[in-house]
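Please consult the sequence and the structure shown here.

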Amino acid sequence: MSDSAYTIADLRAAVSAAGRAPSVHNTQPWRFRLRDGGIEVLVDPQRRLPVTDPTGWAARLSCGAAVFNLRLALAVAGTPAQVRVRPYPEEPDVVARLTPDRPRPPTPVDQKLYAAIARRHSNRAPFWANPVPAEARWRLIEAARDEGAWLDLIIGTPAVNAFAEIANSANRVLNRDPRYRAEMARWVRYEHAVDGVPVTSGGPIAESQDLLPQRPFGVHTRAPGRDFEPEPLVAVLGSPGDSAGDQITAGQAMQRVLLTATDAGLAVSLLSQPVEVPAAREQLRLALGRFGAPQIVMRIGYGQPGWPTPRRDIDELIDEAESTAEEPVLASTVEADSARRSRPEGCVAGGPDGYGSKVPTDH
Ligand SMILES: Cc1cc2nc3c(=O)[nH]c(=O)nc-3n(C[C@H](O)[C@H](O)[C@H](O)COP(=O)(O)O)c2cc1C
């Protein structure tokens with residue numbers, strides 16, 4: 001552990017990468033602040049979806065993805081982070097605290113994944129028929145594993161059909177609730193906005209023959225015969241437990257898988273309906289024969305690239321209270337950090353790749 005501290009300049013440089021993370025309905029439910037020389041990521045409760053996300057699972061997954069981007073940005077800038085997930089039990093909105101590890105040059109993996117941040121976006125369009133090669137599949141599985149999560153690929157027509165049944169029945173359950181439909185509609189954007197899902201990124205309007213459920217974000221119909229790929233590569237990302245800490249860890253793993261996919265030239269769209277309905281989530285877990293909890297589903301393939309969706313300005317994301325302070329004073333920073341270290345927390349050491357790995361807390 002280095003005895004240095006992050007500065008407001010480090011925070012600002014890293015937050016623009018963090019804010020590019022995916023989030024449910026592009027709500028961007030995160031805030032960032034500098035405190036005692038550490039960068040802290042907080043859930044923004046104002047931006048949590050009360051109907052779609054009553055427990056805060058999706059907001060924590062989204063914030064976990066932002067933490068992963070932060071780690072990459074800090075590593076590429078030469079000072080990778082040690083990460084503590086949920087560092088203060090009495091402040092559950094603080095999802096992670098990042099403190100500087102020993103400075104070192106970025107690794108080629110840091111650089112590749114960091115470069116993928118700006119190119120990654122959800123691609124809800126039909127993919128081409130080209131299969132995803134075995135080598136790329138392994139890279140995705142390892143990306144999840146490197147972050148303490150698992151990624152199961154659903155392979156073969158019967159398995160994909162069984163998954164589709166679970167996903168479609170979850171989708172029907174969710175759509176029976178008018179509040180759920182209204183909440184989703186409020187995040188569809190027909191004109192430029194800094195959040196929400198632009199209709200141009202929404203994918204084509206769903207048709208009755210579609211295998212997988214699609215959220216109604218798009219307005220365009222498909223040309224005749226232009227159907228979705230008949231056997232998509234579906235992957236389920238899950239975590240060993242389902243505590244708040246597990247969900248933040250799963251968010252980091254999700255982002256590592258997504259950036260690894262982008263780096264491999266793959267397109268991905270996310271599906272969360274089968275995770276949002278508890279009975280469907282349990283059915284999925286049993287079908288996979290897994291302990292732990294499915295956290296998000298990915299459809300993976302090759303396709304026509306789309307466009308990144310808009311994000312809020314970084315000034316809106318930074319909590320000013322302590323962030324505007326001058327460069328932190330080293331002695332008091334170290335003192336404050338060691339005081340915090342005496343609390344129960346999910347502590348981590350820098351990972352072998354240098355941008356930090358974490359042991360999730362179980363609170
Ligand atoms: C927890 C979570 C759940 C999501 N669920 C869905 C989903 O069910 N359907 C979908 O099309 N996109 C889903 N998304 C993707 C978001 O809509 C997308 O990340 C957001 O609109 C930002 O766009 P981008 O991924 O292109 O940056 C989900 C994202 C997260 C983090």
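Q: At what angle do helix H1 (residues 8-18) and H2 pack?
A: In this predicted model, the axes of H1 and H2 lie 8 Å apart. The angle at which H1 and H2 pack is about 130 degrees.

Q: Are H1 and H2 parallel or oblique to each other?
A: The packing angle of H1 and H2 is about 130 degrees. Angles over 145 degrees count as roughly antiparallel and 65 to 115 as roughly perpendicular, with the rest oblique. H1 and H2 are therefore oblique.

Q: Is the crossing in which H1 passes H2 left-handed or right-handed?
A: The crossing concerns two helices whose axes are 8 Å apart. H1 passes H2 in a crossing that is right-handed.

Q: How many residues of the contact of H1 with H2 are nonpolar?
A: From H1, the contact takes Asp-10, Ala-13, Ala-14, Ala-17 and Ala-18. These meet Ala-66, Asn-69, Leu-70, Leu-72, Ala-73 and Leu-74 in H2. By class, the contact of H1 with H2 has 1 charged residue, 1 polar residue and, as the number of nonpolar ones, 9.

Q: Are H2 and H3 perpendicular or oblique?
A: The axes of H2 and H3 come within 9 Å and cross at roughly 125 degrees. That angle makes H2, relative to H3, oblique.

Q: How many residues of the contact of H2 with H3 are charged?
A: H2 passes H3 in a left-handed crossing. On the H2 side the contact is made by Asn-69, Leu-72, Ala-73, Ala-75 and Val-76, and on the H3 side by Asp-110, Gln-111, Leu-113, Tyr-114 and Ile-117. The contact of H2 with H3 divides into 7 nonpolar residues, 2 polar ones and, for the charged class, 1.

Q: Are H3 and H7 parallel or perpendicular to each other?
A: Helix H3 (residues 108-119) and helix H7 (residues 244-263) have axes that come within 8 Å and cross at roughly 85 degrees. An angle from 65 to 115 degrees counts as roughly perpendicular. H3 and H7 are therefore roughly perpendicular.

Q: How many charged residues does the contact of H3 with H7 have?
A: Lys-112, Leu-113, Ala-116, Ile-117 and Arg-119 in H3 meet Leu-259, Thr-260, Thr-262 and Asp-263 in H7. By class, the contact of H3 with H7 has 4 nonpolar and 2 polar residues, and the number of charged residues is 3.

Q: Which elements give two or more residues to the shell around the ligand?
A: The ligand is surrounded by 21 residues, the closest being Pro-22, Asn-26, His-121, Ser-122 and Ser-272. The elements that give two or more residues to this shell are helix H2 (57-76) and strand E9 (267-271).

Technical notes: Residues are numbered from 1 along each chain as its sequence is written. This is a predicted model: local features need pLDDT of at least 70, side-chain atom pairs count only at pLDDT 80 or more; totals for chains, interfaces and linings use all residues. A residue is near a molecule or strand if its C-beta atom, placed from the backbone, lies within 6 Å of it. Helices (H or I, at least four residues) and strands (E, at least two) are DSSP runs, numbered from the N terminus. Axes are lines fitted to C-alpha atoms, for helices over the stretch in contact, and angles run from 0 to 180 degrees between N-to-C directions. Angles under 35 degrees count as roughly parallel, over 145 as roughly antiparallel, 65 to 115 as roughly perpendicular and the rest as oblique. A crossing is left-handed if the near helix is turned anticlockwise from the far one by less than a right angle, and right-handed if clockwise. Two residues are in contact if their C-beta atoms, placed from the backbone, lie within 7 Å. Ala, Val, Leu, Ile, Met, Phe, Trp, Tyr, Cys and Pro count as nonpolar, Asp, Glu, Lys and Arg as charged, and the others, Gly among them, as polar.
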